[in-house]
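I am opening my notebook on a new structure. I will look things up and write down what I find.

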Amino acid sequence: MNNKISVSCTKKNLKQIRDFVTEYLAGYKLTDIQMNQIVLAVDEICANLIIHANSEDPSKNISLSITEKAGMLKFEIVDNGVAFRRSEYKEPNIEEHIRVGKKGGVGIALVNRIMDRVEFESNARQNTCFLYKKIK
Amino acid sequence: MKITNQIKDTTIIITLDGELDASSSVMLDEALSDPEIMTYSKILVDCNDLNYISSAGLGVFISHLQRFEDAQIKLIFYNMQDKVRNVFEILGLDLLMTIVSDYEEAMTIADE
């Protein structure tokens with residue numbers, strides 16, 4: 001089964017990434033809600049990388065690969081943009097977002113709540129985000 | 001993403017058809033930023049054909065909610081698919097926004 005996709009950094013390509021994840025997961029017995037949550041978590045990370053880390057520069061790429069071992073799904077998302085600084089991340093206060101009319105900043109909260117484990121790694125060459133989700 | 005509007009007296013019904021992601025949510029933001037929308041007393045959002053919503057789509061609603069509340073405009077979602085409602089629930093937005101089962105219920109709430 002094809003388990004890897006690479007797309008250029010434009011928001012229009014998010015649909016392609018979601019379709020790829022959906023197709024990969026079709027073989028697993030997931031409920032609609034489980035499937036949607038996993039697709040969403042991957043979409044959120046990719047959207048952040050495309051928009052924030054790579055400033056929607058279509059000459060840049062992100063790649064995603066999916067593997068499954070003993071009921072654990074592993075998503076590996078690689079890019080060469082600005083690294084995510086987890087130490088600077090703060091959980092959003094949604095009521096405050098509503099009060100001030102803030103548009104962004106809830107994507108990573110969704111990812112953290114959906115996935116079992118979220119890791120970020122950076123070296124001089126590239127950044128990698130690992131997402132893990134137990135499905136069995 | 002297709003967004004269509006229908007006007008019924010002082011109510012505007014916004015029908016969302018497709019997927020609301022970081023790319024398509026710009027369209028929704030433009031629709032909700034239209035000054036004309038502030039002339040209605042109720043905004044009903046028909047989510048029957050909304051198949052997907054990401055944080056960008058949620059963010060558009062989050063960013064307009066207070067403005068609508070301040071103007072005493074009711075924002076009510078209805079016909080929402082379970083998987084879409086689940087995304088609102090993960091962030092607790094189902095408790096901060098009005099989501100009802102169908103059009104009749106939405107109209108009843110809107111008339112209160």
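This is a predicted model: local features need pLDDT of at least 70, side-chain atom pairs count only at pLDDT 80 or more; totals for chains, interfaces and linings use all residues.

I looked up the angle next: H2(A) and helix H3 (residues 82–90) of chain B pack at about 55°. Their axes are 9 Å apart.

Which residues meet here? From H2(A) I listed A:Asp32, A:Ile33, A:Asn36 and A:Leu40. From H3(B) I listed B:Asp82, B:Lys83, B:Asn86 and B:Val87. I sorted this contact by class: three nonpolar, two polar and three charged residues.

Then I turned to the whole contact between the chains. Chain A gives 27 residues and chain B gives 24 residues. On the side of chain A that touches chain B, the elements with two or more residues are helix H1 (14–25), helix H2 (32–53), helix H3 (94–100) and helix H4 (107–114). H2(A) gives the most, with eight residues.

My last stop was B:Thr39. I found B:Thr39 in the loop between helix H1 (25–33) and strand S3 (42–53) of chain B. Is B:Thr39 buried or exposed? B:Thr39 counts as exposed, because it has 11 C-beta neighbours inside 10 Å, and the cut-off for exposed is 12 or fewer. I also looked up B:Thr11, 28 residues apart from B:Thr39 along the chain. Their C-alpha atoms are separated by 9.3 Å.

Note on methods: Residues are numbered from 1 along each chain as its sequence is written. Chains are lettered from A and ligands numbered from 1 in the order in which they are written. Two residues are in contact if their C-beta atoms, placed from the backbone, lie within 7 Å. Helices (H or I, at least four residues) and strands (E, at least two) are DSSP runs, numbered from the N terminus. A residue is buried if 20 or more other C-beta atoms lie within 10 Å of its own, exposed if 12 or fewer, and partly exposed in between; C-beta atoms are placed from the backbone. Axes are lines fitted to C-alpha atoms, for helices over the stretch in contact, and angles run from 0 to 180 degrees between N-to-C directions. Ala, Val, Leu, Ile, Met, Phe, Trp, Tyr, Cys and Pro count as nonpolar, Asp, Glu, Lys and Arg as charged, and the others, Gly among them, as polar.
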